[in-house]
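Thank you all for making time this morning. I would like to walk you through one structure, and I will ask you to keep the picture in view while I talk.

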Amino acid sequence: MGARRVAVRDDVKARFFAARKLTLDLAAPLSDADATVQSMPDASPTKWHLAHVTWFLESFVLRDHVPDYRAFDADFAFLFNSYYETEGRRQPRNMRGLLTRPALSRILDYRAHVDGAIAAKWEHLPASALGLIELGIQHEQQHQELLLTDILHLFARNPTHPAYWPDTARAVSAEADKLQWIEGLSGMHTIGHAGGGFAFDCEAPRHEVVLQPFALADRTISNGEWMEFMADGGYAEPRHWLSDGWAWVQRESVTSPLYWERNADGQWMSFGLDGLHLVDPGAPVAHISLYEADAYASWAGARLPTEAEWEVVAAHRNATEGNQLDAPGPIRPCATMSGMMFGNVWQWTGSAFRPYPRFQAAEGAVGEYNGKFMSGQFVLRGGSCATPRGHVRASYRNFFYPHQRWQFTGVRLAKDV
């Protein structure tokens with residue numbers, strides 16, 4: 001039993017320091033200016049991401065479980081708390097870009113200090129602290145994706161179209177294979193995390209659902225198919241849109257997915273982490289809102305899947321397959337693959353992000369992680385090209401507001417049968 005505990009502790013240690021290194025590698029191409037600017041209230045500067053995940057570890061692991069630990073900087077608790085009310089006052093979210101100080105170098109010193117303190121006390125950390133470190137790994141992986149999507153939004157607003165990772169050899173894929181349907185999974189099923197590994201609180205408790213006969217598309221919708229929707233006046237036809245969605249389209253003058261623009265020849269271009277390129281017709285459409293996804297489904301004579309339908313189909317698939325984040329480099333959605341449930345783009349569902357039956361928030365500050373956000377948002381499933389490989393699973397519930405689309409968000413259709 002002792003050897004087993006040592007093996008578990010060693011596994012957590014290896015994954016922890018690998019995650020911490022990947023975050024630094026992702027930030028390495030950025031200047032202090034790149035890492036400081038905030039392009040919109042929903043996004044955060046890279047510098048803030050680097051510091052916030054470190055504050056999380058410093059507060060909940062070192063402060064709470066290492067008696068002789070002293071904070072790196074007393075001001076950082078205010079500067080880099082995100083939304084933990086139990087942790088006190090904090091810099092307003094929409095003003096994170098005003099933090100020109102501390103400098104990026106100071107934040108990197110902070111990360112090194114906290115990592116060193118955890119390494120020095122590793123063998124003496126109690127099991128409760130290891131559980132928080134596991135949560136810290138998963139939390140850091142979430143912020144790795146946010147770091148990438150936030151810097152993409154920032155660079156997209158730069159008129160010079162800077163590439164985060166240039167990819168001069170980028171290939172354009174052929175149109176996606178003909179869409180097929182997966183059927184035959186109606187009836188009683190059990191969804192939610194089954195135990196035996198890490199899960200966020202919102203993935204539990206496991207519970208039964210009844211599914212009426214349905215079919216799920218075997219792939220996500222491609223850029224080529226989305227251009228057909230656009231050419232058919234999809235953004236100008238109110239009968240396909242939810243009322244809130246139509247008001248959003250009108251108010252924001254939305255006519256295409258985020259980051260699309262026409263070049264001088266009238267061709268559609270899209271901006272990505274590897275710069276501005278012609279839209280790839282065979283790649284999955286990305287950066288669309290729930291409103292757009294729902295309108296497309298209506299136009300196509302289908303609907304969005306429920307999260308239960310999606311999970312039942314995905315439950316027997318390998319969650320580590322597909323186009324997901326492994327290392328720094330050109331990161332983008334690639335050719336849509338039939339039968340692939342994970343990676344490339346997060347998939348909107350028609351399910352509201354609400355608690356499962358008998359859900360109980362954890363005690364203390366970590367109980368604020370997901371539960372208090374279960375209002376007004378919709379569930380997405382499956383991970384994306386910017387999601388660290390190994391982070392998602394069939395029961396994983398991501399969530400965003402219906403108008404948001406700066407994440408790698410796409411659509412998979414469902415229909416009644």
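Before we come to the sheet, one term: two strands are said to pair here if DSSP finds at least two bridges between them. Please also bear in mind throughout that what you see is a predicted model.

With that term in hand, we can look at an open sheet of three strands, whose order is S1-S4-S12 and whose pairing is antiparallel. The edges are taken by strand S1 (181–183) and strand S12 (414–416), and each of these has a single partner strand, so one side of each is left without a neighbour in the sheet. On average, and ignoring direction, neighbouring strands of this sheet are turned by 25° against each other. If we go down to the pairing itself, S1 and strand S4 (residues 214–217) are joined in the antiparallel sense over three bridges, and Ile182 has Leu216 in S4 as its bridge partner.

What lies across these strands? It is helix H10 (residues 307–314), which lies across S1, S4 and S12 and runs at about 70° to S4. This helix is mostly covered, with eight of its eight residues buried; among them are Trp310, Val312 and Val313, and also Glu307, Glu309 and Glu311.

On the H7 side the contact is made by Glu225, Trp226, Glu228 and Phe229, and on the H9 side by Glu292, Ala293, Ala295, Tyr296 and Trp299.

Leaving aside neighbours within four places in sequence, Leu148 is in contact with Leu26, Tyr164, Trp165, Leu273, Leu325, Ile331 and Ala386.

Trp226 is also one of the residues touched by Trp260, whose contacts, not counting residues up to four places away in sequence, include Met227, Met230, Trp268 and Val285 as well. Trp260 is found in strand S5 (residues 260–262), and, with a relative accessible area of 11%, Trp260 is buried.

I will finish with some backbone details. Most residues other than glycine have a negative phi, and most peptide bonds are trans. Here, however, a cis peptide bond joins Arg101 and Pro102, with omega at about 5°, and Pro102 lies in the loop between helix H4 (76–80) and helix H5 (104–121). Another cis peptide bond joins Ala204 and Pro205, with omega at about 0°. As for phi, His287 has a positive value near 60°; His287 lies in the loop between strand S7 (275–278) and H9 and, at 6% relative accessibility, counts as buried. Asn344 likewise has a positive phi, near 70°, and at 10% relative accessibility Asn344 counts as buried.

Note on methods
Residues numbered from 1 in each chain as written. Predicted model: local features only at pLDDT ≥ 70, side-chain atom pairs only at ≥ 80, totals over all residues. Heavy atoms only, no water. Contact = heavy atoms within 4.5 Å. Helix = DSSP H or I, 4+ residues; strand = E, 2+ residues; numbered from the N terminus. Axes fitted to C-alpha atoms, helices over the stretch in contact; angles between N-to-C directions. Buried < 20%, exposed > 50% of the residue type's maximum accessible area, 1.4 Å probe, protein only.
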